[in-house]
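Hi,

Here is the structure I promised to pass on. My notes follow below it.

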Amino acid sequence: MARPHIEFVYAQNLHWVIRPDGAEEKLLNWDPEGTEQTLIVRYPPGFSAGPNRVDAEAEEFLVLDGTIEIDGVMRGYHAYGFLPQGSGLGSRTTATGAVLLVFRHGRDDRNAKAGTADAIAIATPEMPWDVSTYDPKLSHLRLARKVLRLGPNDSGRTFLLTGMAHGVPTDGAKLAAEMHDHAEEMFMLQGAMWAPEGRMGPGAYFYRPPGILHGPHVSETGFLQIMRSPGANAIVTKWSDTPSSLPIGAAYAPVLPEGTPASWAREVEPVPAW
Ligand SMILES: [Fe+2]
């Protein structure tokens, strides 16, 4: 069974679960019949652990807060890493504590294993933004991206995506919805984006299987998000023929997997700047 559609929840509504090793985690989405999952891990100050087990799933991560030394390299704000399965990597220690967004790959995913997948360590704040290419149908968002990983055998891309403030058409035009043959996954780091399911602010998360019609999206405030496209390294979009009204002001109406606790569906209000 594939990973279920969840669009979207706020990580702030999930409870921390303490692991036997002393770290805490929040599981955002997972394959009920596999090992692939997305979670937030909080390491307490003084935490340390040896390398990942040889059979442990590949680990892909973005540091959300704090600093952590992994394989001898200090990783700070928005450091990105990929630790292939069977690579012997992953030893970690943090003096001050750290919070990581983690994408755990499937145990049987050959495209995530050492020998096929490369280890990656990127201090993403030091990367230049790529503003060269984007779909003209998304020009209102004034997008830029940083590609962090292109998976082997077209297995999926991971990238940071940012859009400028005032990313809303000013001519009153409606916008087309979109669909892909691959999955999409997103965690909102900063800012906000309007969707028909509501306002995705910091901490908003979705996993969208292939073939789900979504959007349109606009952003009054601008945003910064980390996105993945499991199943394809290049995003191919089919646009709907019938444009939709802009979703500004849409009430929070998440799509949730069966059995999701009601507490996950609470709206998180934006924090005023005054
Ligand atoms: Fe999309």
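Domain bounds here come from an automatic or database domain assignment. On that basis the protein splits into domain 1 (12-126) and domain 2 (136-255). Residues are numbered from 1 along each chain as its sequence is written. This is a predicted model: local features need pLDDT of at least 70, side-chain atom pairs count only at pLDDT 80 or more, and totals for chains, interfaces and linings use all residues.

**Domains.** Taken over C-alpha atoms, the two domain centres are 25 Å apart. Contact means C-beta atoms, placed from the backbone, within 7 Å. By that rule, 16 residues of domain 1 are in contact with 16 residues of domain 2. Strands are DSSP runs of E, at least two residues, numbered from the N terminus. Those supplying at least two residues each to the side of domain 1 that touches domain 2 include E3 (24-30), E6 (59-66) and E11 (98-104).

**Sheet.** Strands pair if DSSP finds at least two bridges between them. Six strands form an open sheet, ordered E1-E19-E16-E20-E14-E13, with antiparallel pairing. E1 (6-10) and E13 (143-150) are at the edges with a single partner strand each, so one side of each has no neighbour in the sheet. Inside the sheet, six bridges join E16 (184-191) to E20 (223-228). Met188 stands opposite Gln225 in E20.

**Glu269.** This residue is in the segment after strand E21 (238-239). Glu269 counts as exposed (12 or fewer other C-beta atoms, placed from the backbone, within 10 Å of its own), because it has 9 such neighbours. Its C-alpha atom is 35 Å from that of Ile70, 199 residues away along the chain.

Best wishes

Technical notes:
Contact = placed C-beta atoms within 7 Å. Helix = DSSP H or I, 4+ residues; strand = E, 2+ residues; numbered from the N terminus. Buried ≥ 20, exposed ≤ 12 C-beta atoms within 10 Å, placed from the backbone.
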